[in-house]
Amino acid sequence: GRRVPSRDMAERLDEVFGSDRGTFARLETGLRDLPYPASFRPFSAYEAGARSLRLFEHVLVPGLLQTADYARAVLSTRPHTSADEIEELVTARLARQALMTRADPPLLYVLLDEGVLHRPVGTPEVMAGQLAWLAELSEQTYVTLQVIPYSAGAHIGLQGGFAIADLPDLPGIVFLDSVADGQTIEDAAIVSQVTQRFDALRAEALPRGTSRDMIRKVAEERWM
């Protein structure tokens with residue numbers, strides 16, 4: 001009773017116990033935010049309800065797009081965190097991906113610095129699996145994934161990763177990533193500034209198809 005259940009476990013419990021209206025699934029949804037750092041919890045609700053998400057990362061694959069093995073390798077670097085706590089964090093991170101399997105997933109616009117594809121996280125098998133998953137995701141109609149190549153040189157995104165959630169009838173919300181677990185920001189002026197930076201970064205990125213080819217090439221030549 002100390003660890004957050006996975007979505008799959010909750011659905012199986014509903015099936016076994018014949019729960020009316022998905023009792024365990026609803027409880028799992030309510031518990032999903034608990035393992036997140038306090039700074040991310042407000043943004044998790046915006047992320048789940050967004051009509052579109054714009055993500056930029058210069059070091060790691062965004063949490064929303066991570067495989068279980070990649071997420072585990074990233075989260076295992078947290079100091080003073082037990083194996084059980086790591087698994088709880090992994091479960092919570094993967095649960096966020098439920099928004100991509102719903103009937104009306106948000107539009108995802110993802111920008112990755114090329115360095116993300118080359119930075120070793122976990123074993124070569126972990127990296128190969130993660131890049132294969134990115135390439136597969138990039139084929140979905142609601143996903144636009146682009147890579148900013150090394151040839152772009154220095155760019156404004158090297159200062160840090162971020163996410164922008166666009167919601168129906170609400171101003172955009174920004175999450176700024178940092179070593180201190182990040183910050184959720186609703187200030188309109190800052191949201192506008194971050195949005196402009198995303199647009200500037202997108203101008204440096206390779207086209208969608210070329211980006212997919214690069215991801216597959218790096219996976220095959222470097223990690224397989």
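Q: Why does Arg 212 have no salt bridge, and which side chain of opposite charge is nearest?
A: In this predicted model, the nearest side chain of opposite charge to Arg 212 is Glu 139, 4.5 Å away.

Q: What does Arg 212 touch, and where is Arg 212 found?
A: Arg 212 is found in helix H9, residues 208-222. Leaving aside neighbours within four places in sequence, Arg 212 is in contact with Ala 135, Ser 138 and Glu 139.

Q: What makes Glu 47 and Arg 96 a salt bridge?
A: Their side chains meet at 2.7 Å, N to O, and the cut-off is 4 Å, so the pair qualifies. Glu 47 is in helix H3 and Arg 96 in the loop between helix H5 and strand S2, 49 residues apart, so this pair links distant parts of the chain.

Q: How do you know whether Glu 47 and Arg 96 are buried or exposed?
A: Buried means under 20% relative accessible area. Glu 47 has 3% and Arg 96 has 13%, so both count as buried.

Q: What ties strand S4 to strand S1?
A: The side chains of Asp 166 and Arg 54 meet in a salt bridge of 2.8 Å, N to O. Asp 166 lies in S4 and Arg 54 in S1, so the pair ties together parts that are 112 residues apart in sequence. Asp 166, at 15% relative accessibility, counts as buried, and so does Arg 54 at 16%.

Q: Why are Arg 72 and Asp 69 called partly exposed?
A: The class runs between 20% and 50% relative accessible area. Arg 72 has 27% and Asp 69 has 45%, so both belong there. Salt bridges that share partners join Asp 69, Arg 72 and Glu 87 into one network.

Q: Which residues of helix H3 are buried, and what puts them on the same side?
A: The buried residues of H3 (residues 41-49) are Phe 43, Ser 44 and Glu 47. They cover an arc of only 110° around the axis, which puts them on the same side of H3. Their cover includes strands S1, S4, S5 and S6.

Q: Why is the pair of Phe 40 and Phe 175 called edge-to-face?
A: The whole structure holds 5 aromatic pairs. In the pair of Phe 40 and Phe 175, the centres are 5.0 Å apart and the planes stand at 90°. Phe 40 lies in the loop between helix H2 and H3 and Phe 175 in strand S5, so the pair ties together parts that are 135 residues apart in sequence.

Q: What makes the pair of Phe 43 and Phe 175 tilted?
A: Phe 175 is buried, with a relative accessible area of 9%. The ring centres of Phe 43 and Phe 175 are 5.7 Å apart and the planes are at 35°, so the pair is tilted. Phe 40, Phe 43 and Phe 175 form one aromatic cluster.

Q: How do you know that strands S4 and S5 pair, and in which sense?
A: Pairing needs at least two bridges, and S4 and S5 pair over 5 bridges in the antiparallel sense. Ala 163 stands opposite Phe 175 in S5.

Terms used. Residues numbered from 1 in each chain as written. Predicted model: local features only at pLDDT ≥ 70, side-chain atom pairs only at ≥ 80, totals over all residues. Heavy atoms only, no water. Helix = DSSP H or I, 4+ residues; strand = E, 2+ residues; numbered from the N terminus. Buried < 20%, exposed > 50% of the residue type's maximum accessible area, 1.4 Å probe, protein only. Lys, Arg positive; Asp, Glu negative; His and termini not counted. Contact = heavy atoms within 4.5 Å. Arc of directions from axis to C-beta. Phe/Tyr/Trp six-rings, centres within 6.5 Å; stacked < 30°, edge-to-face > 60°.
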